[in-house]
Amino acid sequence: MSKIKNIILYGTGGFAREVFHYIKQSEKYQKIKFKGFLDSNKSLLENKDLASFYMGGEDNYKFNIDDYFMIPIADVNIRYSVYNKFKKKNANFFTYIHDSVILNNKVIFGEGNIVCPNSVFTDDIKIGDFNIFNINVTVGHDVKIDSFN
């Protein structure tokens, strides 16, 4: 039996807050548990009743073997920078696929991808690392998507 993965989101912006709600929904169906938000900016959580999940900045965080990180930040340059910083700390990364997503035959994902609700991936698709597929995305057959898109 595999262990439950503690999911930590880097970022406190709008997309991170959306992903938080998806993770909480998926705790019922996947072996994951939301642990908290890492970011230098707590203020974006305070008016959203999420401040209790704030874990501080990443520089002071002690990385744990059971922690899996997601980087729900739209800006590719920031996402890539955060990835490099965390990789140097031997962080684990998690590819999140919402429970409503349709995955057909031979769909391969790299690490750190985020796939939001009601998306569809058809046949023979290869996805690189750290991509974001927002709500209702469809990816057709024989597609290859590189990393950090």
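I began with F34, and in this predicted model I found F34 placed in strand 2, which covers residues 32-38.

I then looked up what F34 touches, leaving aside its neighbours within four places in sequence, and I wrote down contacts with I7, L9, F20, I23, K24, E27 and F53. For K88, 54 residues from F34 along the chain, I noted a C-alpha separation of 23 Å from F34.

Since F20 and I23 were on that contact list, I turned to helix 1, which has 13 residues, 14-26, and reaches 19 Å from its first C-alpha to its last, close to the 18 Å expected. I listed its buried residues as F15, A16, R17, V19, F20, Y22, I23 and S26.

I also followed L9, which, apart from neighbours within four places in sequence, is in contact with A16, V19, F20, F34, G36, F37, L38, M70 and P72.

Which residues have the most contacts inside the largest nonpolar core? I recorded I7, L9, V19, I23, F37, M70 and Y96, in a core of 19 residues. Strand 1 (5-10), helix 1, strand 2 and strand 3 (67-70) each supply at least two residues of this core, and helix 1 gives the most, with six. My last entry is a second, separate core of 14 residues, which includes Y61, I73, A91 and F130.

Methods: Residues numbered from 1 in each chain as written. Predicted model: local features only at pLDDT ≥ 70, side-chain atom pairs only at ≥ 80, totals over all residues. Heavy atoms only, no water. Helix = DSSP H or I, 4+ residues; strand = E, 2+ residues; numbered from the N terminus. Expected span 1.5 Å × (residues − 1). Buried < 20%, exposed > 50% of the residue type's maximum accessible area, 1.4 Å probe, protein only. Contact = heavy atoms within 4.5 Å. Core = buried A, V, L, I, M, F, W, Y, C linked by side-chain atoms within 4.5 Å.
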